[in-house]
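The sequence and structure are shown first.

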Amino acid sequence: MAVLNHLLSRSSTDMLAEPAPQGAVLEDILATAMRAPDHGRLRPWRYVLVRGAARPRLAELIVAGMKARDPDVPAAKIEKRRTRFSTMPLTIALGMHVRPDDKIPVIEQEMAVAAAAMNILNALHATGFGGVWVTGDMTYDPAVAAALGFTAPHRLAGFLFVGTPDPSRPLPPRRPVADYVAEWHGTPVTFGADG
Ligand SMILES: Cc1cc2nc3c(=O)[nH]c(=O)nc-3n(C[C@H](O)[C@H](O)[C@H](O)COP(=O)(O)O)c2cc1C
């Protein structure tokens, strides 16, 4: 029941203070990714840890990409991104090793990567930490991906910001389960969530 309550009470947040998990705890958290469902046992997930003095270096790379894409990018947008990437206690760059020619479709490889990321988010919550998965245009910037080590056949799938959330923050309301679940009796179902 404790595990179930943990799953039911997780929520994403980017309001993250020090500390981030490290050492054996971080290793255990990342080990939960290795339990993700994975068609063909391709183990497509890859993780790059960015912390300490490496953070502003990643931030500057990302800012350089923003300016290259749009020379008129607003200064406030640059500063927001620079601050986030420089100050998050830990950023985990989520990567994937994509095998387009494998018999397992690429979407299934991507779903395994997402399932593994979800395990990490749940493990963070279970150990008193928290995080959020973000993408944004920097995820699709080949220069950022390459600088992290993700060149073909690797791809960047986003970033997990990781740290310690305020435990007293209010939990966002949960959508009613019934809107997303239907029982099939031989004719096509409809969902409350779809109006
Ligand atoms: C693949 C993926 C990419 C996401 N990218 C962003 C993003 O760039 N910015 C953002 O604010 N939220 C992003 N989100 C949503 C957050 O990670 C988070 O799920 C959302 O804030 C809802 O919070 P919850 O996980 O507590 O429901 C993304 C989620 C996924 C699965």
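## Annotated binding site

The UniProt annotation "binding site", taken from an unreviewed entry, covers Arg10, Ser11, Ser12, Arg35, His39, Trp133, Val134 and Thr135. These residues are spread over 126 residues of sequence and also in space, up to 27.1 Å between C-alpha atoms. UniProt positions follow the numbering used here, feature names are shortened, and annotations may be inferred rather than shown by experiment.

The model is predicted: local features need pLDDT of at least 70, side-chain atom pairs count only at pLDDT 80 or more, and totals for chains, interfaces and linings use all residues. Residues are numbered from 1 along each chain as its sequence is written.

## Two annotated loop residues

Arg10 lies in the loop between helix H1 (2-9) and helix H2 (23-31); helices (H or I, at least four residues) and strands (E, at least two) are DSSP runs numbered from the N terminus. Arg10 is partly exposed because 18 other C-beta atoms are within 10 Å (buried means 20 or more, exposed 12 or fewer, partly exposed in between, with C-beta atoms placed from the backbone). Beyond neighbours within four places in sequence, Arg10 is in contact (C-beta atoms within 7 Å) with Leu121, Asn122 and His125.

Thr135 is located in the loop between S3 and helix H6 (142-148). Thr135 counts as exposed because it has 12 C-beta neighbours inside 10 Å.

## Ligand shell

Ser11, Ser12, Val132, Trp133, Val134, Thr135, Gly136 and Gly158 surround the ligand, the criterion being a C-beta atom, placed from the backbone, within 6 Å of the molecule. Strand S3 (residues 130-134) supplies the largest share of this shell, 3 residues.

By class, the shell has 3 nonpolar, 5 polar and no charged residues. Ala, Val, Leu, Ile, Met, Phe, Trp, Tyr, Cys and Pro count as nonpolar, Asp, Glu, Lys and Arg as charged, and the others, Gly among them, as polar.

Notes
Contact = placed C-beta atoms within 7 Å.
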